[in-house]
Structures are given as structure tokens and as C-alpha cells.
Amino acid sequence: MATTFADQLRSLPDEALGALLQLRPDLVVPVPADISALAVRAQSRGSVARCLDGLDEFTLTILDAARVTRAADTALTSVDAILELATGVAEDDVRVAVDRLRARFLLHGPPEALQVVSAVDEVTSPYPAGLGRPADYLDPHAAALVADRARLRRTVLAAPPGARAVLDRLAAGPPVGSLSRGDVAEPIQWLVEQHVLVPISEAGRAPRPDGELVELPREVGLLLRRDTGPLGALRPFPPIPEATVRDLKAVDSAGAGQTMEAVRAAEAVLEALAAEPAPILKTGGLGVRDLKRLARAAGVDEAGAALLVEVTYAAGLLGESETPVHRAPGAVQDIFLPTGTYDLWRATGMAHRWSVLARAWLTMTRQPGLVGKRDERDRPINALAPDAERAGAPQARREALDALADLEPGSAPAVDDLLALLAWQAPRRARGRELGHRDGYTGAALLGVTGLGAVTSYARLLLTDPEVTESDPLGVHPEETPADAVRALDVLLPAPVDHVLVQADLTVVVPGPPEPELAGELDVIAEPESVGGASVFRVTPASVRRALDVGYTATDLHAVFRRRSRTPVPQTLEYLIDDAARKHGGLRSGSAGSYLRSDDEALIAEVLSEKKLFGLDLRRIAPTVLVSPRPVARLLGALREAGFAPVAEDAGGAAVLTRPKARRAPSRSPRVVEPTGPPTLVGPRLAGVVEQLRKGDVATRAARRAPVTVRAAQGQAVPGLTAVQQHSQAMAVLQQAVRDRARVWVGYVDSHGATLSRLVRPVSLSAGYLRAEDERGENLHTFALHRITAAVTED
């Protein structure tokens, strides 16, 4: 009969041992050498804590029941004792929870003598089920009180109202309170005098400012729980949220519309940073003023802007660069700029652009919900600042979305109900992650992962992890779930359009998402007014001048509108283009500082008399030439602000028509942090791990049975034997064993420097190697002769 934890593991059949490894895969990272090492790891604090983190509220309560019902002398409990304590629920539900604990070896042993793994007490509350310690452990007077059940009931019934309120509060758990806490000091003192509460101290801690502590004995707590049950209110099943089930087509349609808005807002944020880069704060991150500016540019609130900034940075679309400081020659300043990857991303389809953002959001170790809040030093947390880094953010995000995705498709429950469900599914893991879960639901709604509060069909494909099958146990050929999500979303999005509708009021309506080429043209020749499913732009004199500045001619602009517009081009637009083209280039500027010339003397005179240009210090040096000490760029800007349309020229007098060069930060790979966890064990991979454990266990046990001469030759401590066998003597034993086909114990040093022993039957001895059969493993071993330390024939 198995008596130790390792013996119980060793006695399991391969199927049961494999099931344990599937439930607790961290036990084989790395694979232990043998079953004994596996048993040590299974009882360690870290492994037990990880196992408990994945258990639900009811199972953890049943584990507390096992801890409470342990006998004082043997520390053993039983299934019957647990059933007796877990009242108010079906017996089958309790047995299922017990079986769940036994399958994970948190409880082990026969049903009538179960033992709780010792590390459970180390990593859980010292007050199981919210009950205090037994009275005989705390105080002899309290033990005498609880021994007399009638007297205990009379004392509790005689408690004043304030004292009874204290008792009810401590009975609900935890059973520890302060002895002198303001308004309840007198009731507590009465309970202490009646020995219903026992004063205790915190060993190893400084005295509490609010006084000493008191503890409610376990027996008193059980008496006060006579209505709710010894373990309190038990919930064997998860609290299913009450949710409105929405039509799936409506959910997908709303989500698809939000994806377009999210991509548009992300582009707006990046374009705003390209036009005016934001400086990086000395403490790291983006300033509050810059965040507000980006929020206005994208048409979202500051929380949404913070999320977009964090996501685009995580996706590698936003990065850092340097710019010179004009007031300090030689000095540079770090700034945020779009990267070169942004231009490639913008040229792809809408669905692919969304998948890049959504994938980065799912895996980034940033928590945008912290932006705007204060840290432990009462300092505000800025976007992209180190203070918003949270290693557990991806896991919290996936937990929140998985809980929503596991509900009926189309379900849109309240966030508080989902948090209650998460708290039941894994109480230990959910504790302290409420903000991360809420942040996950907020980000999912803004990015279009959810629509109308429910998970969309295309997002389910993105959230689905590729299953590890027996045909692919290592998971080296995962399915392309992101590509599936892109295809599913692409069907829902309106097709990109290559045409516009030009109105008589010079507005340009784009009846759908524009193709990249059309979007590039509209960015130059028109000003955006509204965006959405159908975007609206407006052609203005400034936008036409901008198009002429980057190299378009009047003929080119007429051709663009005739080619793109499905409606007749208004005559007012043609007049606007022709009028702007006639004025464009009428003035030429160069460097003198800078100069301004024109064949039209009246135009030169008009410029010289313009009050808005007095700051340029213009001076006429010829009837058709003005000069200024200001740089050319400033001269051109001031003239355009005053309503003129100058162009720059080179030294030969040719017009310089260039598109403004877009500044970009160096491209970088996005930091993708996949949720870490133990490997998934199925099929051949699981069987291989179990086989390796069995073989290691056999080898370890065989090494312990090796003759003393072999163990001594390996340097092991053997009483009364210190001589090491000579190498020539070991070779003679092996040669004789080859001739006799006899089995021998061989001691050797493996490639890792470990000393091992095997009982084998030698086959050949040549070329510096011994080849021998292992009858138990039914395989052939090859030993390098220089690694053999001893050889002894089997007795």
C-alpha cells in the first residue's frame, strides 16, 4: 500500500498520471528526472499556488472544508467529514469538487483518510472558510465556554446589540478584528470579558496603531452560521449574467462600423503627430497637453486617445526620434513620430489595418486605463509612461473577453455581472484585476472587438487559440486565426471606392472607404469635414494652392475631378482652380536672406504696402524685386497667410515644386507578448513525458540497488568502502561478460557530468565503445569506455 506522496504518484496508471500533468502542466517545465522529483515539485509552494489560481470559488470552499475538518492528531480528513460540513448543496456537487481536488493531488490518499498538501496552508489564508482557530488553541477560558454548548448559546443571546453586530461581522469572515476601534471598543471589550473573543497579537509585526487584535474562535463562528451553513453561502455553479441577447447581424454590423472608426481615429492621431511631433517628457511618456491635442484631432475623448496612442505604439506604428533644439545648438530632443511601418500599414486594406491594431492591443503589456490616474507617489500617469506597464495586462484582457465569449452568442451583459462571473471562476486570480478587466471591456468596445456589448463573429476568430492536436502535438503548424478574422471582417466592411461625388457647394462626398490612391489625392486637394461610412471633404482656395505647391497643375486638377467624380464637376470648382493657378507662382522668392520678384510691378507694390508683412522687413531693390533678411520658408509662409500665392525658385530661376517631406521615426518591430503559460500536453507529447518519467524513475531506483563497489567508484559515500575500482579491472569484467553473455552493473558519467548506474547485458566491446542491451527498456545503449567508472557482475 502506498504510504508516501511519491509512492501514490508512482502507483498511478499512465492515463491517470497523464491526466495530472494535463491539469498541472507546470509540473513538467522542465521535465523532472523521476517520480520523486515530480512529487517534490507537486508539493512546492509555487506549483500549488498556480494550481489554486485556476480553481473556482466552490472548489476552493470545499478545499477549506477539508482543512477545517482535519483531525488534530493525524491531520487527516475524509469525504464523509467534508460532506457533513458542506450543507445546503447537493452531495454529488460536493463529491465532484472533491474529485477535482484529488485529480490535482491537492488532496491525496484514500477517501476515508484524505490528506491536504502541506503547501496549501502556506499559500492560502490562515482562516479557512473565514473561520477562526479552535478555542482550545486560542485560550483555555474560551475552550471552557465552547465546551458548554448551552452556556455558549446563552452568552451569545445575551450580547448587547453592538456586541452582536460585531459577532455577526466577524462570523462572516475574516474572524479577526481590532480590540479598541473607536465606536465599537466597548462592545468588543464586553465580548472579551465573556471570553467570546480572544485577544491575540501579530507575531513579528509592529504594534498596530488601532490597538491589539481579537479573534473569534471557530466554534463560536460555526454557531453564528447556523442559518447560512458552516461554510457560508455555497454556490456550486457560476452566476450566469442576465444579458440581452442581440441579433448577431446587428452585433457584427455595429462592430464593423466601430472598426472603421477606430482605424480612422488611429490614422488621425498618427497624422497629427506627423504634422506636429510631440516631445517625450523627461520622466517618459506623452504630455497631457499633447494628449488633449491628439484627442481633438481624432474626435475622441482623452481616454480613447490614450488607448490609441498605446495601441499604435505597441503595433510599431509610432516610435521615438530626435530633433535638433534651435535655441541650443548641438542639442537634440526626443520626440514621438510615426514610423516607416505606418506608411506600409496605411496602404493595406481596412480589415488588415484593424487586425494589426487589435492584435497589438490583445498582447501589449500596457494598461491604458491607468492613464490620467495617480501612482503610489500621487503623481499623474501619462500615456506611454513606464508607470502604465503591467505584466498581467494581456492575461486580464483575455480573461475578460473569454468570459464574454463563453456566453451565448450575442449576449450583452452588464460589466458588473461579468466581473462577478470572473470572481467566481477564479477568485484568487481575479482579486486585484478588476481595473484590468474593466479596461479590457472598454478597449474592446472602442476597437470594435465587441459590438452592442457582445463579442463579434470576426473577433471570436481572433480570440480563438489554435488547438493542439495529436497530429501536431508541438503546435508548430497553428491555424491562421488572424487571417480568418481579417477575411470575416472584410466581408462585413463596405468595399473601397475609387470615385467621389462633387457637389455644387464644393463639397466632395466619398460614398465609402476610399482606396489608398484616392485617399492620398484627397489629402492634398481637399480639407476633411466629416468622416465615417461616407466621408465629406471640401475644396478650398487653400487646398488648391496646396495641391499646386506639391506639383499639380490646373490641367492635372481638372483631370482628377473629371476622372474621380460620378457627378458633373461644378463650374465654380473649375473657376476656383483656374483662378488659383493664374495667381500661383506670380511671385518668386529666393534667399538673400530671401528675395521676392515678380514681373508685375503693381503686385510688388501691393506686397510692399501690405501691413501684415511689415515684420518681414521687405525692401525694394528694383522695380520688380524685393529682399528680406528673413529665411525663405518664413517669407513664403507669411505671404501665404496674407493671401498671396508665391512659389520658391532655385538658383536658375526654375520653380521648386515639392511635396513636403514626411518625417518618420525609425521603423521597429512591434513588441508582441503572447500570454505565457505551460505547454499544452496531448497525444504523443503527453505519452512521451510520462514515458520519460517512468524511465527516469526506473533508472533512479536501479542506481540505488547498484552494488556497493559501483557506488563507491562513482564517489558515493559507502560505509567501510573507499577504494575506487581500477579502469583495467572494469574492462576485464566487461570482456568476460561479453563472452559469457552475463549481465553486469555499469557505473558511468553521462554527458552532463552526472554519475549513473545501469544493469545491462554487454554485446560488444570495440573501437572505444561498449554496446549493451537493457532488457527492461528493450533498447541498446552505447557507452564511451573512458566514461565508465566501474563494472560488477550481477549477483
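**Helix packing and a loop alanine**

The crossing of α28 and α29 turns out to be right-handed in this predicted model. Two packed helices are described by the angle between their axes and the distance between the axes. Here, the axes of α28 (residues 554-564) and α29 (residues 571-583) come within 9 Å and cross at roughly 160 degrees. Angles over 145 degrees count as roughly antiparallel, and the two helices α28 and α29 are therefore roughly antiparallel to each other.

As for who meets whom, α28 brings A554, L557, H558 and F561 to the contact, while α29 supplies L573, E574, I577, D578 and A581. By residue class, this contact of α28 with α29 splits into six nonpolar, one polar and two charged.

Helix α28 also turns up in the surroundings of another helix, α26 (residues 516-525): the buried residues of α26 pack against α28, as well as against β15 (507-510), β17 (535-538) and α27 (541-549). Those buried residues of α26 are L518, A519, E521, L522, V524 and I525, with the charged residue E521 among them.

Elsewhere in the chain, A113 sits in the loop between β2 (107-108) and β3 (114-116). Buried means under 20% relative accessible area; with a value of 23%, A113 is therefore partly exposed. Setting aside neighbours within four places in sequence, A113 is in contact with L76, T77 and H108. In the case of L76, which lies 37 residues away from A113 along the chain, the C-alpha atoms of the pair are separated by 5.6 Å.

Technical notes. Residues are numbered from 1 along each chain as its sequence is written. This is a predicted model: local features need pLDDT of at least 70, side-chain atom pairs count only at pLDDT 80 or more; totals for chains, interfaces and linings use all residues. Side-chain values use heavy atoms; hydrogens and water are left out. Helices (H or I, at least four residues) and strands (E, at least two) are DSSP runs, numbered from the N terminus. Buried means under 20% relative accessible area, exposed over 50%, partly exposed in between (1.4 Å probe, protein chains only). Contact means heavy atoms within 4.5 Å. Axes are lines fitted to C-alpha atoms, for helices over the stretch in contact, and angles run from 0 to 180 degrees between N-to-C directions. Angles under 35 degrees count as roughly parallel, over 145 as roughly antiparallel, 65 to 115 as roughly perpendicular and the rest as oblique. A crossing is left-handed if the near helix is turned anticlockwise from the far one by less than a right angle, and right-handed if clockwise.
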